[in-house]
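Please have the sequence and the model at hand while reading.

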Amino acid sequence: MKPSAKSMVLACMLALGTSAASAETLRVGMQDDPDALDPAIGGTYAGRIVFDAMCDKLVDINETLEIVPQLATSWKWNDDNTELTMSLRDGVTFQDGTPFNAEAVKANIERMKTIDESRRKSQLAPITDVEIVDDHTIVLKLDAPFAPLLSILTDRAGMMVSPAVAGSADAFAANPVCSGPYKLVDRKARDSITLEKYDGYWNAGEIGYDTIVYEIIPDSTVRLSRLQAGDLEAAERIAPTDLATVRSDDGLALHTSPGLAVSHLFISQKAGAGVLADNADLRHALELSIDRNIINQVAFNGEFTADNQMIPPSSAFYSTSHPMPARDLDAARELIAKSGVENPTIEITYENSLTDGRVAQIIQSMAGEAGFTVNLLPLETSSAIDRYLAGNFELYIGNWSGRADPDPTLYTFFGSDGSQNLNGYSNPKLDEVLIAARKELDMDARKKLYDEAADIYLADLPTVPLYHPTWFYAAQANIDGIKIYPDGILRVTGLKPAGE
Amino acid sequence: MTDVSLPADPVVGGGHRKSALQQVLSQPSAVIGGSIVVFFVLVAIFAPLLSPFDPNASDWLAIRQAPSAVHWFGTDDLGRDILSRILFGARASLLAGVIAVAIAIAIGVPLGLIAGYFGGLLDAVISRCTDALLAVPFLVLAIALAAFLGASLQNAMIAIGVSAVPIFIRLTRGQVLVVKGEDYITAARAVGVRDRNIIVSHVFPNVLAPVVVQGTITMAVAILAEASLAFLGLGQRPPAPSWGSMLDVARQFLTEAPWMAVWPGLAIVAIVLGFNLLGDGLNDALNPHRDTE
């Protein structure tokens, strides 16, 4: 018996040894592969998850969407709201050893405003100058008051990269250097992204894992089964239909947050883009013909939030004067009759995912009962997005990740020159209201303006908002410190294996 | 320019042999396979009469219901009757099989005849192109073509058909090379029958049998390919049912609603088995070499 007892002990030690070693790696199952890992360029939600580990921002948000310090420790507006003075954190270095200071902030903002590939230009356009007061104080000067600025700095526009390596965009994306808790070690396209702890991180005490591996696993069912098998520590975007599985598994924990995102049926307003383009009555008929609660129930097990606005109900800027209209087939048929269009035929383009496919078929079926003929055009993701960006669609199921501030959602989609205004919608009155809301820093006055904006866009209905997704992360139950905020990003600060 | 009459099918020609049909009927696998195929053909034709429900009509109160007296095969994620969808799905599958094989034969056989009969540069060009196409796995080629053409049942059929062309070119060419050396061809040539007539009247009938066998087997492959393309979202456009796309949706619900996957899966297995058995049986019945064993 002795040798076997010995070998048992040995086996136990080995087992303990391996579990301790693997506990220091956090493997996260991701639905998509991020695009360029350069905060000036990145345009994907998956990228934002990876950036959280690599790149600190000037400011961050908390659970209730309040602005909290990160690289900037405090900030103050001047009296006419055109200058924002920020105090910067002391003792921060980039992952290449370059110190983080006012000069670095200035260089970063100028880089995002100037390099050709930058996608942050319009967000940072209101900043006309960055003034260095001292090594750890900067002043952002604006041409006019711009309320969303701080909120914009909580995302990629506020991420600071090392000025020493931030030359060409291509080279940077291959070898990004930020000031966050993890640095890039390896990236295999469509497979994985491996990050390693940066020892010089200013907040290193809150970092519980040595290595993070983001594994790209497009299929949500596969992500979940890999998690169940212990191949992953956490997985993002668990399908609502799989939640029962997660909830009934004692080894797993579900982490959720109501999201800022919105899925909407984007309707082209361009001449010749179908019967809905110049006919608000028909657009309202379409809205009345669908039952958003059924979409939520059938496609998402009722786990999302059915809603008729671009801004989610959890936001302070949600308009309470426009409750979600109930399905009304008679009213829809009346509006179709009034429009004079016989048998209105529409085509919905969408990215060929099971989720959007299901939503499209439900809409097809429900709108069909009101008298619409709905054709579906599922396209492979990249060709669908090409068409979307080119504005080449009649209707498109848009999935917008949303932002903490309403401006980046409402202005980008409905402003005449908004960057997501791909359906050619323009209403000068709405432009006026949205621009006024940008300049208004008083919360109540700003809310009134966004109520007014909702009155206008819900009457024009250039898009039919359908639902707001809820963020679902599943993780091993023995991971402490997972907090999901409405932006849906897995924050690595504070994550630790249980018991450490 | 008198046409010399030669036995059209010297290999099978003898009076002492059973007719082709009798040969086929004497093969149990051909009979079983044929019955399965006929069953599905009937199902496809009479789908509107057999279906208890509209295959595209959703019942929002009957989402993912298990098989019951009302919905014999259960309902899917959008509350549609799975039995009705399976019945209508047979149309997409069979249509894909028939059209794809027709395309493959219509392009492949003439090219194979030309390459095999004339030889030389023509043969070299056609054969090298065939080799190049054969180097790409069948399904990969079909996926690439379907993705290029865009998702629809029609494009999936074209993609599958074109992908199957090289098999028929090679098969036909090989058969032609065998037949070309036969005395009756030499005789026809000697008396001055034109090449076109020799190919059409003498070579083609003698390469037909293996083409029919290959066509039957390719039907099975094409049906499977259609299901695969639909599974990948490159086939039948929603909401029209296709067994492959039904499986694609069902895999999300394997634990909660296994019946969503079971029925289309069984249907694919059955029809593919049917065509394979029929193909094997035909091969055994029509293969001239079997007789000499």
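The points below cover the interface, a surface patch and some backbone features.

This is a predicted model, in which local features need pLDDT of at least 70, side-chain atom pairs count only at pLDDT 80 or more, and totals for chains, interfaces and linings use all residues. Residues are numbered from 1 along each chain as its sequence is written, chains are lettered from A and ligands numbered from 1 in the order in which they are written, and side-chain values use heavy atoms, with hydrogens and water left out.

**Interface of chain A and chain B**

- Chain A brings 23 residues to the contact and chain B brings 19 residues, where contact means heavy atoms within 4.5 Å.
- About 1800 Å² is buried between chain A and chain B, and carbon and sulfur atoms give 50% of this area; buried area is the accessible area (1.4 Å probe) that two parts lose on being put together, summed over both.
- Two salt bridges are found across the interface of chain A and chain B, a salt bridge being a side-chain nitrogen of Lys or Arg within 4 Å of a carboxyl oxygen of Asp or Glu.
- A salt bridge joins the side chains of A:Arg358 and B:Asp77, at 2.6 Å from N to O.

**The side of chain A that touches chain B**

- Two or more residues each come from helix 7 (220-228), helix 10 (292-300), strand 15 (345-351), helix 12 (354-370) and strand 16 (373-379) of chain A; helices (H or I, at least four residues) and strands (E, at least two) are DSSP runs, numbered from the N terminus.
- Helix 12 of chain A gives the most to this side, with eight residues.

**Nonpolar patch on chain B**

- B:Ile107, B:Leu111, B:Ile114, B:Phe118, B:Leu122, B:Phe148, B:Leu149, B:Ile158 and B:Val162 make a nonpolar surface patch of about 740 Å².
- Such a patch is made of residues with over 30% relative accessible area and no salt bridge, with nonpolar side chains (Val, Leu, Ile, Met, Phe, Trp, Tyr) joined within 5 Å and like charges within 9 Å; accessible areas come from the Shrake-Rupley method with a 1.4 Å probe, and for residues only the protein chains shown count as cover.
- Helix 4 of chain B gives the most to the patch, with four residues, while B:Phe148 lies in helix 6 of chain B.

**Backbone features**

- The peptide bond from B:Pro238 to B:Pro239 is cis, with omega near 5°, and B:Pro239 is in the loop between helix 9 (195-231) and helix 10 (243-250) of chain B.
- A:Leu65 has a positive phi near 65°.
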